[in-house]
Amino acid sequence: MTVIVTGGAGFIGSNFVFHMLDKHPTYRVVCLDKLTYAGNLSTLAPVMEAPNFRFVRADICDREAVNRLFAEERPDVVVNFAAESHVDRSIEDPGVFLQTNILGTQTLMDACRKYGVARYHQVSTDEVYGDLPLDRPDLFFTETTPLHTSSPYSASKASADLLVLAYHRTYGLPVTISRCSNNYGPYHFPEKLIPLMIANCLHDRPLPVYGKGENVRDWLYVEDHCKAIDLILHNGRVGEVYNVGGHNEMRNIDIVKLICRKLGKPESLITYVTDRKGHDMRYAIDPTKIHTELGWLPETKFEDGIQKTIDWYLENRDWWETIISGEYMHYYEKMYGNR
Ligand code: NAD
Ligand code: TYD
């Protein structure tokens, strides 16, 4: 079995590469990644020399490179993590989000049609459903909730989902889609809420909370997401969408305060800054379908997951300090400088 994992040098993709090599040692895992600002080859160092692993640097929008790789590897399964993934960046510059997230998906699926695969899996997000009001805690996203996006990022992901379903219906491509809630864990790029707050705390820098910090996200430990995708690949029904989430809703401000407490830093570091444009209020997944059909349940409790995550950032300062010392500083200044 050969599995192409796109975006495998990013946060969730790298955790998935490790998961697959560990759980399925007989599989060949091929990572295709462009190494954008969010991709980090050093993350994959522990598996680089493994005989059943191969890394290829390429853009999923590059038809020639994608076709060449498919001709060489003849993959059985393709799992597409490659994407521009940060909402704030999509608000600044939507173009590359449409390019990678939509047209890149098309290029990959065209290669799947040309060479034939047993499964194309699209890694999507709960953000395609838009948001839920804070005063209706009884409401959750199910797989039949209408798509109703807020940001250029979520609109690009929803477009890709529609294209994936269209390729299934029109060409019979054997697809599955997972729509997951916010992940956290090791190798999370420090522009996202949890790693940004950990890194800033450790440098005694202000902790920029958007708006009032009342927005709610449904946090899932990354390994639980990887297990869900693995289950969908093996036992999921072709043509189906599976929501993945942990019933673990938390307000941003409570997460930031928790990180302060765990790192022994004062809450006076918290700085309320101008809200994100179009900021989604609440995401909350109903994971009944993946639970009843595939037996999936999140295994890591938030208290344990956040402790493991903080410990990882403490033990791997080189990984994230290298990132935040370079080009990232320009981004940080642009996004937070005058906020
Ligand atoms: P990430 O930004 O950490 O990593 C993205 C990876 O894709 C990077 O390695 C980057 O180099 C690569 N990439 C970007 N453009 C590429 C291109 N054109 N060709 C090849 N590679 C390219 O993202 P992440 O947080 O790991 O998210 C992975 C996937 O999961 C995305 O599709 C995202 O929409 C989805 N998702 C993320 C979350 C989350 O909480 N992070 C939740 C649900 C779904
Ligand atoms: P983020 O990690 O960017 O994920 P997403 O927008 O995809 O959910 O943000 C999580 C939440 O944290 C979101 O409500 C925005 C908020 N946030 C801040 O308050 N401050 C920050 O510096 C960042 C990056 C996010």
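**View 1. Residues around ligand 2 in the predicted model.** The shell around ligand 2 holds 19 residues, and E127, R217, R276, H279 and Y336 come nearest. A residue is near a molecule or strand if one of its heavy atoms lies within 4 Å of it. This is a predicted model, in which local features need pLDDT of at least 70 and side-chain atom pairs count only at pLDDT 80 or more, while totals for chains, interfaces and linings use all residues; side-chain values use heavy atoms, without hydrogens and water. Residues are numbered from 1 along each chain as its sequence is written, chains are lettered from A and ligands numbered from 1 in the order in which they are written. The shell around ligand 2 divides into 9 nonpolar, 5 polar and 5 charged residues. Here Ala, Val, Leu, Ile, Met, Phe, Trp, Tyr, Cys and Pro count as nonpolar, Asp, Glu, Lys and Arg as charged, and the others, Gly among them, as polar.

View 2. A polar contact with a ligand is a pair of N or O atoms within 3.5 Å. The side chain of R217 places an N or O atom 2.7 Å from an oxygen atom of ligand 2. For the side chain of N182, the distance from an N or O atom to an oxygen atom of ligand 2 is 2.9 Å. P208 uses a backbone N or O atom, 2.8 Å from a nitrogen atom of ligand 2. On its own, ligand 2 has 510 Å² of accessible area (Shrake-Rupley method, 1.4 Å probe). The protein covers 97% of it. Elements giving two or more residues to this shell are α6 (193-202) and β8 (207-210). Helices (H or I, at least four residues) and strands (E, at least two) are DSSP runs, numbered from the N terminus.

**View 3. Residues and contacts around ligand 1.** Ligand 1 has 28 residues around it, and I12, D33, S85, Y153 and K157 come nearest. A backbone N or O atom of I12 sits 2.8 Å from an oxygen atom of ligand 1. For F81, a polar backbone atom is 3.1 Å from an oxygen atom of ligand 1. Taken alone, ligand 1 exposes 830 Å², and the protein buries 97% of that. At least two shell residues come from each of α1 (11-23), β5 (119-125) and α5. β5 gives the most, with 3 residues. The shell around ligand 1 comprises 13 nonpolar, 11 polar and 4 charged residues.

**View 4. Packing of helices α4 and α5.** Helix α4 (residues 95-115) packs against helix α5 (residues 152-171) at about 20°, with axes 8 Å apart. α4 is therefore roughly parallel to α5 (angle under 35 degrees). Axes are lines fitted to C-alpha atoms over the stretch in contact, and angles run from 0 to 180 degrees between N-to-C directions. The two helices, α4 and α5, cross in a right-handed sense (the near helix is turned clockwise from the far one by less than a right angle).

Methods:
Polar contact = N/O pair within 3.5 Å; in protein donor to acceptor, adjacent residues only side chain to side chain. Parallel < 35°, antiparallel > 145°, perpendicular 65-115°, else oblique.
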